[in-house]
Amino acid sequence: MKKQTFNKFAKLLSTAVLLIAAVCLIAIITLCVNGAKPNVFVKSPSMSDDSAYIGLSRLGRTPDYGQNYIDKIVFIGDTTISPLAQIGAIDAALGDLQIWSGTDGSLPLDYSIDKAEVLHLQSNSFTAGEAAANKKPEYIVITVGIENGVAYCGEDKFKSYYSKLIEALEEASPASKIILQSVFPVSEEYEEKHPSLTNDKITRANLWIEELASEKDLKYLDTSSALKSDSGALDKAYDSGDGLHLNQSGYLSMLEYIRTHGYR
């Protein structure tokens, strides 16, 4: 190749490289200006496509934060969380102060979830947002989705309803550290009797919850993993007898998981 031709080619190549670099720089600046968030999910090659992402929002193993940590948490949830005080897993005297569920013990995941009344302050009724504005808890653990959620909602509706509760709490108590807890597994017998509410569907819903945590810069508790047997269903040792709700051992195991997957 003649020297003149080589120089011309080198000049064109250099110009092309500079143009590509300029385009990349402009793209990065545009993303930053528009507030784009980086991808916060890491794909695990060992998982199926339906559960292929582990969110970086997931709380990992920590030293045991102890009972003092549990005492700082307000639990907002449905019938899978509301019996906590009744079965002695936490101080019964703190029941209304620390466990906020619907006035009938349930908290369905639907369009009115942010308006539903919860028990708070010696059984006076407030919405979850009003209760949060009143108490300003340091930590809030949300456990919803089993009622009117897993069996009936697709991803968009599930996330939309769940988001309404999150947004109401964030507006009412911006300093509270919000943690989204996984939906608990059900027993194999329960699955057989209720084919619309299976552990596969619960696993799918928990992926949506974990994605919500990442999207909203919150934390996620994979407590479900600590309550499962090798089959992926609710461990018989934690079954209250109906295949859906936990017994005392199950709730104590849940609290232990929360203490040892702490949020600072």
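Trainee: What share of the contacts with a separation of 6 or more comes from residues 24 or more positions apart?
Mentor: That share is 70% in this chain, with contact meaning heavy atoms within 4.5 Å. Keep in mind that this is a predicted model, where local features need pLDDT of at least 70, side-chain atom pairs count only at pLDDT 80 or more, and totals for chains, interfaces and linings use all residues. Residues are numbered from 1 along each chain as its sequence is written, and side-chain values use heavy atoms, leaving out hydrogens and water.

Trainee: Thanks! How many helices and strands are there?
Mentor: The chain has nine of each. They are DSSP runs numbered from the N terminus: helices are H or I with at least four residues, strands are E with at least two.

Trainee: And how much of the chain is buried?
Mentor: Buried residues make up 46% of the 264 residues. Buried is under 20% relative accessible area, exposed is over 50%, and partly exposed lies in between, using a 1.4 Å probe and protein chains only.

Trainee: Which residues touch the most other members in the largest nonpolar core?
Mentor: Ile76, Ile142, Tyr162, Leu169 and Leu180, out of 38 residues in that core. A nonpolar core is a set of buried Ala, Val, Leu, Ile, Met, Phe, Trp, Tyr and Cys residues joined through side-chain atoms within 4.5 Å. Elements giving two or more residues to this core include β3 (73–77), α4 (128–135) and α5 (155–172). Of the contributors, α5 gives the most, with seven residues.

Trainee: What does Ile76 touch?
Mentor: Not counting residues up to four places away in sequence, its partners include Trp100, Ala128, Ile142, Leu165 and Leu169. There is also a second, separate core of 24 residues, with Phe75 and Leu234 among them.

Trainee: Back to the helices: at what angle do α4 and α5 pack?
Mentor: About 25 degrees, with their axes 8 Å apart. That makes α4 roughly parallel to α5, since angles under 35 degrees count as roughly parallel, over 145 as roughly antiparallel, 65 to 115 as roughly perpendicular and the rest as oblique.

Trainee: Which residues meet there?
Mentor: Ala128, Gly129, Ala132 and Ala133 in α4 meet Leu165, Ala168, Leu169 and Ala172 in α5.

Trainee: New topic: is Thr260 buried or exposed?
Mentor: Thr260 counts as buried because its relative accessibility is 6%. Thr260 sits in the segment after α9 (248–259). Leaving aside neighbours within four places in sequence, Thr260 is in contact with Gly60, Arg61, Thr62, Pro63 and Asp64.

Key: Axes are lines fitted to C-alpha atoms, for helices over the stretch in contact, and angles run from 0 to 180 degrees between N-to-C directions.
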